[in-house]
Amino acid sequence: MDFNALYHANFKLLDDAVSDWSTLVKHLADLKKDAEDGLHKAANAADWAGVNAQVSKQFIGKTAGEFGDAHTQATTIYKILLDTRDELKTFHQQLTDAVSRGQKKNLTVVDAGGGKFTVMGNTRPDWGSDPSGNKSATNQKDVDDLRDEIQGILSKATESDNSAKTVLMAIADQSTMGFSDVSYKDRDTAAQAIKEADELAKLAKKDPSKLSVEDFDKINNGLKKYANDPLFAERFATDLGPQKTLEFWTGISDPHSGNYQLGQKRLDQFDDLQRNLGLTLAHATQSDSAAMAEWKRQMIDIGDKPLHGERGGGPMGFQVMSNLMRTGDYDDQFLKDYGTKLMATERKLTGNGDHENLMWRLSGASSWLNRIGDDSGNDPLTGYLKGLSNSPDAATDFFNQQYISKDDPDNPFERDTDGNGKKGKVSLSNFQYLFEERDWPPESDSHGDDLFTGQNNLALALEAATTGHPAGEIPTDDTPPHSADQAKLMRAIVNSVSDDPSRVKDHPYMSDSLGQIGSEYLPDIHRAMADGPTVKDGKSGWDLLYPLAGTDAKLDHSAVTRFLVTVSQNPEGYAALSVGEKAYTASLMDYHLNPDLPADQRYPHDAHDTITSISRKAGEFSGLLAQGRQEAVLGPDGEKDSDYDYAVSQKKNFISGFVGTGVGVGTSFIASPAVGAGVGGAAGTVTSMVLEAFYKDDSGQYRAEAGEDIATRWETIKDSTTNINYKAAHEAAKAHHADYTDQIDTWVSEGTATGFNDASTDIHAMAKDMDTEIPD
C-alpha cells in the first residue's frame with residue numbers, strides 16, 4: 001500500500017461493493033431457503049422413476065446444495081470485504097491525522113514515487129536559530145517519529161490489503177465450477193488459517209529425525225484444529241508438497257527413522273497424527289486450485305517410486321500415501337486416477353496377478369507405515385480401499401474397471417465359463433481380481449493372530465460402491481437410486497458368492513458389509529425370487545409389487561439363494577438382512593394397501609393376492625436366512641444363537657429402530673415419524689411397530705424353543721415370520737381403514753407357509769447343484 005493510494009483513497013467503489021455483497025447475501029439466503037424447502041424436499045418426496053430417478057432427483061439435490069454453498073461463500077466474502085473496508089478507512093483516517101499533526105510541526109510528507117514517501121521539514125530565513133547557530137524549523141526526532149508512524153500505518157494497511165487478497169484468491173481457487181462451502185466469521189480468521197498452514201508446513205519440512213516433541217505437538221495440534229478448514233488444508237498440502245508429505249509421515253511413523261525421542265514420548269499419539277494428517281490432505285484434494293492439481297499429479301507420479309530414489313530405497317510412494325487415505329473424503333477424480341496407477345503397479349509386481357506381491361509384503365526391513373489398527377500398512381491396497389469406503393462414486397468406478405483383458409498374452413487367469421469342461425482366458429474386473437484371485441500379503445498382530453484388514457476394507461469399499469453412501473452409514477433421502485454401474489457390481493458380487501461361497505465363508509468378517517448391501521437391494525432380490533412377472537390385463541405384476549426407482553440388478557434366483565444362505569451364516573450379515581427384510585415387508589404392506597395409490601402403480605391383483613404374495617416372498621427370504629443361521633450354529637463353525645440375537649439388537653441400536661429399502665425409492669431410509677415422513681404415508685409408523693415386534697419376538701427365541709432339532713428350528717422361524725407378517729399386514733390395513741382385517745391372518749398364513757416351502761425347494765436345489773446334503 002503506497003502513501004498516495006491510502007492518503008487520497010476514495011472508498012465509494014469499495015462501499016458499493018460491500019453494499020452489493022450485503023444485498024446478495026440476503027437474496028441468496030432467500031434462494032437457499034426456497035431451494036431447500038421447495039426444490040430439495042419436493043424432489044425427495046416425489047415418485048421418481050426411470051432416468052428421472054437416477055438423474056433428476058440427484059441433480060436437483062446437488063443444485064439445491066449449490067444455493068447453500070453460494071450463500072455460505074457470499075457471506076464469507078462479504079465479511080472479508082467489510083472487515084477490510086473498515087480497516088482501510090481506519091488506516092486512512094490515521095494517515096490523514098498524522099499528516100495534519102506533522103503540518104502543525106512544520107513537517108511536509110511528500111510522495112517519492114514507487115510507493116515511497118519522504119518527510120521534510122519546512123525552513124525559512126526569518127526563523128530562529130538553534131544554540132549552535134544552525135537555522136532549522138524542525139527537530140530531527142519529529143521527522144523520524146512522523147516517518148516511523150506513517151510507515152507503520154502503511155505497513156498495517158498493506159498487511160490488511162494483502163491478507164484480504166490472499167484469502168479472497170484462495171476462496172476463489174477452491175472451486176472452478178459452482179461454489180465452495182468455505183465459511184469464516186471474519187477476514188482475520190481466514191488469514192490466520194493460511195498463516196498457520198505456512199508455519200506448520202515449514203516445520204513439517206524439517207528432517208523428521210530432528211523433530212522435537214514440541215515440534216510434534218505443534219504439528220499434531222495444528223492439524224487437529226484445522227483439519228476441516230479448506231483454506232488451511234490446501235495451503236498446508238501445497239506448501240509441504242507431495243514428496244515432503246511422504247517423507248514427513250514415513251520419518252515419524254517408521255521405527256527405522258531414528259527419532260527415538262518421538263518413539264519414546266509420543267508413540268501413543270502417532271495414530272492421532274495419522275488421522276489428522278489424512279483428514280487435512282483429504283480436504284485439500286477437494287480444492288480446484290492449480291497448485292493442488294499439480295500436487296495430485298505429482299503424488300500419483302511418484303506413487304510407484306521408492307521414497308528415497310532408486311539408490312536410497314525406502315517404501316514406495318503408494319505404500320506411504322495409501323495409509324494417509326484411511327481417514328477423510330478424498331476427491332473422487334484423484335482417487336480414480338490414483339487407483340488406476342496403483343493397479344497398474346500391482347499388475348507389474350505380480351505378473352498380472354500370477355503370484356503374490358512380494359514388494360508389498362511385511363518383512364524385517366519393511367517400514368511401519370500405519371498406526372491406525374494393527375496392520376503394518378505395507379500393502380497400499382489396504383489403506384486405499386479404506387479411502388474408497390468413504391467415497392462411493394470413486395469406489396463404484398474403481399471396481400468396475402478392467403484389471404486384465406482375456407486378450408492380454410500374459411493373462412494368467414483361465415476358467416470354464418460355458419460348462420464344457422474346457423478352460424479359456426477370461427477378462428477380470430478390479431472387483432473380480434481382488435475378491436476372487438488376489439494373494440493378499442499375510443500379516444499378523446502382536447499376538448501372532450492373522451490379520452485380514454485388507455479384505456475387510458475391501459468389503460467396506462464394496463458397500464460404498466454398491467449403495468452410494470459411505471460404508472457404515474445408512475441411506476438417507478438424498479442417497480440416489482442405484483445406478484447401472486452400481487447394479488452391475490451388485491450382480492457381480494451375488495454371482496461371485498454364488499459361484500464359490502467359500503469366498504465369504506472363509507472370510508466371515510466381510511459378511512456385515514455384504515449383509516448391508518443385500519438389505520439395500522431388497523427390491524432386486526425379491527424380483528429375482530419371483531422368477532419373472534405375472535401378467536393380468538396386460539400389466540406386469542412383480543415389477544409393480546416390488547417397485548424400483550433405480551436400475552434393477554437383474555439377479556438370478558439360484559444365485560440369490562446361495563448369496564442369502566451364505567451371508568446369513570454370519571451373525572452380522574444375518575442381522576442386516578433380517579432387519580432389512582422385516583422393514584421392507586412392512587413398507588410394502590403399507591404401500592400396496594393404500595387405496596390412494598395411483599392406478600398405474602398398483603399391483604394388478606386384489607388385497608388377498610397382494611398380502612399373500614408379499615407374505616410368500618417374505619417367507620421364502622426368511623427361510624433362506626434360517627437355513628444359513630442353522631448351518632452356522634449346528635455346523636462346524638459353531639456360531640451361537642446368542643451371537644445372532646446380539647447382532648440383531650446391535651442393528652436396532654445402529655439404526656435407532658428404523659431401516660428399510662423404501663418402496664418406489666430404491667434405497668431410502670425410512671425415518672421415525674417424529675423426525676420425518678416415511679414412504680407411503682404411514683410407513684414410518686407401520687415399520688416402527690413391525691420392527692419392535694420383531695426385536696421382541698426374535699430375542700432368545702432359538703435358545704428357548706429350538707435347541708438343536710432342525711425341524712423344530714425351521715418351524716420356529718416360520719412361526720416367527722408369520723407373526724411378523726401378521727403385524728405388518730394388520731398395521732397397514734388399520735392405517736388405511738381397510739374392511740378385510742378379519743381375513744388377513746388366513747392370507748398371511750397361506751402366503752408365508754408357501755414361501756417357506758419355496759425356500760425349502762431353493763435349498764435342496766442349491767444342495768443338488770453343489771453336491772452337498774441338506775438334512776430334512
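Student: Over which residues does pLDDT stay under 50, with 20 contacts beyond four places in sequence in the model?

Tutor: This is a predicted model, and the mean pLDDT of the protein chain is 82, with 81% of its residues reaching 70 or more. Where pLDDT is low, the predicted coordinates should not be read in detail. A stretch where pLDDT is below 50 is 656-683, which has 79 contacts in the model beyond near neighbours in sequence. The stretch with 20 such contacts, beyond four places in sequence, is residues 45-56.

Student: What percentage of the residues of the protein chain count as buried?

Tutor: The protein chain contains 31 helices and 10 strands. Among its contacts between residues at least 6 apart in sequence, 75% join residues at least 24 apart. Of the 776 residues in the chain, the share that counts as buried is 52%.

Student: Which residues have the most contacts inside the largest nonpolar core?

Tutor: In soluble globular proteins, nonpolar side chains tend to be buried together. Here a separate, second core of 18 residues includes Phe-91, Leu-95, Phe-117 and Ile-150, while the largest nonpolar core has 141 residues. Leaving aside residues up to four places away in sequence, Phe-236 touches Ala-197, Leu-200, Ala-201, Ala-204, Leu-223, Leu-277 and Thr-280. The residues with the most contacts inside the largest core are Phe-236, Met-321, Phe-399, Leu-434 and Leu-564.

Student: How many of the 11 residues of helix H24 are buried?

Tutor: Helix H24 covers residues 557-567 and is largely enclosed by the rest of the structure. Its buried residues include the charged Arg-562 as well as Phe-563 and Leu-564. Of the 11 residues in helix H24, the number that are buried is 10.

Student: Is Lys-554 buried or exposed?

Tutor: Lys-554 is found in the loop between helix H23 (542-545) and H24, and it has a positive phi of about 50 degrees although it is not a glycine. Most residues other than glycine have a negative phi. The relative accessible area of Lys-554 is 63%, and since the cut-off is over 50%, Lys-554 is exposed.

Student: And where is Asn-352 found?

Tutor: Asn-352, which is not a glycine, also has a positive phi, of about 65 degrees. With a relative accessible area of 14%, Asn-352 is buried. Its place is the loop between helix H14 (332-350) and helix H15 (380-388).

Student: What separation do the C-alpha atoms of Arg-297 and Tyr-338 have?

Tutor: Arg-297 lies in helix H11 (residues 290-301), and at 46% relative accessibility it counts as partly exposed. Along the chain, Arg-297 and Tyr-338 are 41 residues apart. Their C-alpha atoms are separated by 9.1 Å.

Definitions and conventions
Residues are numbered from 1 along each chain as its sequence is written. This is a predicted model: local features need pLDDT of at least 70, side-chain atom pairs count only at pLDDT 80 or more; totals for chains, interfaces and linings use all residues. Side-chain values use heavy atoms; hydrogens and water are left out. Buried means under 20% relative accessible area, exposed over 50%, partly exposed in between (1.4 Å probe, protein chains only). Helices (H or I, at least four residues) and strands (E, at least two) are DSSP runs, numbered from the N terminus. pLDDT is the predictor's confidence in each residue, from 0 to 100. Contact means heavy atoms within 4.5 Å. A nonpolar core is a set of buried Ala, Val, Leu, Ile, Met, Phe, Trp, Tyr and Cys residues joined through side-chain atoms within 4.5 Å.
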